[in-house]
Each structure stands twice: as structure tokens, then as C-alpha cells.
Amino acid sequence: MKTKFKMFAALAASVALALSACSPSDSGKKDEAKDGGKKVLEFAAFEGGYGKDVWEKVVKAYEEQNKDVKVEMKISKTINEEIAPGMKAGKFPDVVYYSSGQKSGFTETLLSEGAVMKINDVFEMKVPGEDKTVKDKLLPGLLGGTATNPLGGEDTYLAPLFYAPNGFVYNKKLLADNGWEAPKTWDEMFKLGDAAKAKGIALFTYPVSGYFDSALPSIIANAGGAQLWSDIANYKEGAWESDGATKALETVAKLVSKDYLLDSTVGNANKENFVKNQQAILDGTAIFMPNGNWIVNEMKDAPRPEGFEWGVIPAPAFKDGGDRFAFSFVENIWIPAKAKNADLAKDFIAFLYSDKAVDIFAGAGAAQPVEGAADKAIAAATDPGVKTFFDMMKAEGVAAVAGGPLAKTAEGISFKDSVYGAIDSVASGDKTLEAWQKDIKEVTDKLRAAK
């Protein structure tokens, strides 16, 4: 795992640009607000696939270790919408768990406005109750790429909290029952799709269009090399018009065409009904979908056939023996620049890398970028599907790709909407491949020019 993580960290680092970052105002003074004589830490958290309970356990463990601290946690699937009005009015939480790369662009917007605190010093802190520093506990080579330094340069704004392997998820039983093998190349993928179509089974579905933010980077890297994804993430001129990028977009357009896409996908590709698309994999009405290791926990109570097993493959290669990259998300936690309890927030973040916290997170299938954390997540998992994702990252011939585009914003412009969100329109036939690629170029040009 260490070697693979170095590979993706090196790629993420290559994405970074030397940009000048805004200096947030000094907000390190502790707020003296008390709750029964205790210091209060306001924590805003996104309720993701690992669930709410795991955060309640981590908060309790932190409070038990710090008797003079009360953590007021607000956790929600729409936490960005809930805290945004207060932040506009000058009321900021002390620490926020909400990753970059979301459709809302919430974290990127705050980064571009200088509203996220620089936290270089957090990684030099000793983990509370332990002898090692945070940096010592992190997997080597992780810091410095766009996953942690999204403004470029040497300053770190985002603490890497979880890493989540992503790939093309499938139902092992479905393939075995039909005598099919998981494809290694795109030719094999579409040949499987033709065979499945003859049996009334769709080759592909996706929860929502945003899930292509893990699939498309891998496909691009397979088509044009890791450097091509780096160029795209850097908004390099001409990158999207390259042969590799064109081949990748053509492949996605074919994958979501009516010949291969589950016909109910687009209608259910929203926050109310996305689970129906995910359920199609368990039911065997579709073979593949892009997703990450959290899917195992997220769908643990969903109905499934006897003998069902999760499977996952990296994006297929474009030729026999060709490159195969698998994307790994790095979820992050950060401190608002105007947080009143910045020192306490940094202590809380440092605690999240403690053995106590790692063990709690691992129990929910969440692996932190800490040596041994993935093995703990696998050992704690009741579903062997968790191990499948991490095994994919260690497989022969598979390299990792990570890091998203630099955190630039321009009025009325969204990289995520234009690149990933438009896939719904491509799938429905409302947008041609040529129009999609043209829109992406225009958005990239504007973001490249943005300050």
C-alpha cells in the first residue's frame, strides 16, 4: 500500500502550481466560551457514506481525553447549505469536514476567497497522547499535492482525513452465473456489454453524474498517461483537445449511450433516487457502476441475492497490457480562516490521526492515510467487499491517480458541472460529444485565466 500511495502522491504533487495564496487573518486566539466551565469546539461535518455514528464515537473519545472540552457537532448531508448563511454573517464553525470536489464547490470557493486557514503547523504537532507527529503518522509523500495544497505552492490548507479507492463496481455473482469475466480492456468491456444486452442486462449505470469525478481521471490517465491528467488538472492549454482526452471522452460517451446504459439511470441520477441506480448492481439489472469503498457500508442493508459479492476493477486499458489507473479520493478536514478556536481545532484534527481515532474509523470501513489503517479497516469489516477495493489498489499493473483541479473559481463557471454534470445530457442525447468537449474547453480557458 505504501508504494502505491507514493505513486498517487507523486502524481498529485505534479498537479500543483506555484500560485500565490491569500493569507488568512490570524484567528489563533482561543474563544473563552464555556459550557459548564468547558471550552467549546464547534464542529460542522458532512454525513457521508461512513455514517453519523462513527463521528459521534470519535467526538466522545476526544472529549474523554480532554475533560475540559465540549464538542458541539452539527452533522448533516447538506452541512454546507446549513452553515453557509452563518458564515456569511460572520459566524464560523471552528473546524469543518467537507471535502473539495463536491458539486457545490463550497470548499473551493472558500479557498479561492482566502477563507480557509493555512495549517502547515498541524503536521508538525504531536498526535495528542502519542509520541509521533501527525506528519510521521501519514503515509509517505502524501502532503504537497492538490489534495492538501489546492492553491498550489507549499502551503497546506486541507488535512487529508480518509482515502477511498474507487473503481468500476460490479456483482461477482452475476458474472459467475453467466460465465463472464471482468474485462481488462475497453474492447472486452463493450464485447461484454453486447453479450449482456442480448440477455436484457445493461452494461453500465451510475449513481449521479458527479461520480465520474473518479472514473474520468482514470480513463484519461489510461488513454494519455498520468501527465495528461496532471495537465488537465492544471488547466493546461490544449490538454482537453489532445488525442488522449478525446479518446477518453469518446469512451465515456459510448459507455453512457442507449446501447449500454441502464435506461432508468438518468431519471434516477439525483439525490432522491440515486440508490435505485446502486441497487441495480445488486439486483443484476446492470453490471458496472463507478463508486468507492464506502458503497459497501452505504448499501449494507439493501436487499441482495443469495451469494452476492462485491467486485471492483480499475478502469479498463485501451490495449492489451496498457496502463490501468485507479482513482483514490482524499477526503479532507479544514479550519475556517476566522475560526475563534483555531488552536483547539488544530488539536482536534491532530487527534483524528491517533490510534484511538484510527481504530474507530476503521470500524466503519474508513481508511485514513496512516500506515496500517487500511488493514484495520479490512479486519474490522463484516463484508469482504471492503478488502476488494484495497486489493485492487495493490494489484499488479495498477497505479493510483489522485488529486482534482486547482481550486480556481470564475463567476458562473463550474468545472464539475461542465465536465461531469454534463454527462447526464450526453447520456440522454441532449448534448453531443462535440458540444461537450467544446464546453469543457471554454470553461477550462476561463478558469486558467482566473486569479
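Colleague: Which residue is the bridge partner of R324 in β10?
Modeller: V398 is the partner of R324 there. This is a predicted model, in which local features need pLDDT of at least 70 and side-chain atom pairs count only at pLDDT 80 or more, while totals for chains, interfaces and linings use all residues. Residues are numbered from 1 along each chain as its sequence is written, and side-chain values use heavy atoms, with hydrogens and water left out.

Colleague: Parallel or antiparallel, for β9 and β10?
Modeller: Parallel, and the pairing of β9 with β10 runs over four bridges. Two strands count as paired if DSSP finds at least two bridges between them. Strands (E, at least two residues) and helices (H or I, at least four) are DSSP runs, numbered from the N terminus.

Colleague: And which residues of β10 sit on which side?
Modeller: Strand β10 covers residues 398-401, with V398 and A400 on one side and A399 and V401 on the other. All four are buried, so both faces are covered. Buried means under 20% relative accessible area, exposed means over 50%, and partly exposed is in between (1.4 Å probe, protein chains only).

Colleague: What about β8, which way do its residues point?
Modeller: W310 and V312 point one way and G311 and I313 the other, and all are buried. β8 pairs with β5 in the antiparallel sense, over four bridges. In that pairing Y170 stands opposite G311.

Colleague: Moving on to the core. How many residues are in the largest nonpolar one?
Modeller: It has 58 residues, and those with the most contacts inside it are F168, L203, F204, W240, I287 and F288. A nonpolar core here is a set of buried Ala, Val, Leu, Ile, Met, Phe, Trp, Tyr and Cys residues joined through side-chain atoms within 4.5 Å.

Colleague: Which helix gives the most to this core?
Modeller: Helix α8, residues 212-224, gives seven residues. Apart from this core lies another, of 48 residues, including V59, V122, I349 and A350.

Colleague: What does F204 touch?
Modeller: Leaving out residues up to four places away in sequence, F204 touches F168, F212, L255, V256, Y260, L261, L262, T265, A286, F288, M289 and P290. Contact means heavy atoms within 4.5 Å.

Colleague: How many cavities of 30 Å³ or more are there?
Modeller: A search of the whole structure finds two. A cavity is a set of points on a 1 Å grid where a 1.4 Å probe fits but cannot get out, and its lining residues have an atom within 4 Å of a point.

Colleague: What lines the largest cavity?
Modeller: N166, G167, F168, S214, A215, S218, P290, A315, A326 and F327. β5 (159-171), α8 and β9 (324-334) are the elements that give two or more residues to the lining. The lining divides into six nonpolar, four polar and no charged residues.

Colleague: Why is α14 said to be largely enclosed?
Modeller: Because eight of its 10 residues are buried. Those are A342, L344, A345, K346, F348, I349, A350 and F351.

Colleague: And α17, how many of its residues are buried?
Modeller: Seven of 10, so α17 is also largely enclosed by the rest of the structure. The buried ones are G385, V386, T388, F389, F390, M392 and M393.

Colleague: Where is S354?
Modeller: S354 is in the loop between α14 (342-351) and α15 (355-363). At 2% relative accessibility, S354 counts as buried. Beyond its neighbours within four places in sequence, S354 is in contact with V127, P128, E130 and K137.

Colleague: Is K376 in a helix or a loop?
Modeller: K376 is in helix α16, residues 373-380. Its relative accessibility is 33%, so K376 counts as partly exposed. K376 touches V358, D359 and A362, not counting residues up to four places away in sequence.

Colleague: Last one, what is the phi of Y235?
Modeller: Phi of Y235 is near 60°, a positive value in a residue other than glycine. Most residues other than glycine have a negative phi. Y235 lies in the loop between α9 (226-233) and α10 (243-255).

Colleague: Buried or exposed, Y235?
Modeller: Buried, at 2% relative accessibility. E237 lies in the loop between α9 and α10 too, but E237 is exposed, with a relative accessible area of 64%.

Technical notes. On a 1 Å grid over the protein atoms alone, a cavity is a set of points where a 1.4 Å probe fits but cannot get out, and a pocket is an open set with protein on both sides within 12 Å along at least five of seven lines; lining residues have an atom within 4 Å of a point. Grid points are joined across faces, edges and corners, and a volume is the space filled by probe spheres set on the points. Ala, Val, Leu, Ile, Met, Phe, Trp, Tyr, Cys and Pro count as nonpolar, Asp, Glu, Lys and Arg as charged, and the others, Gly among them, as polar.
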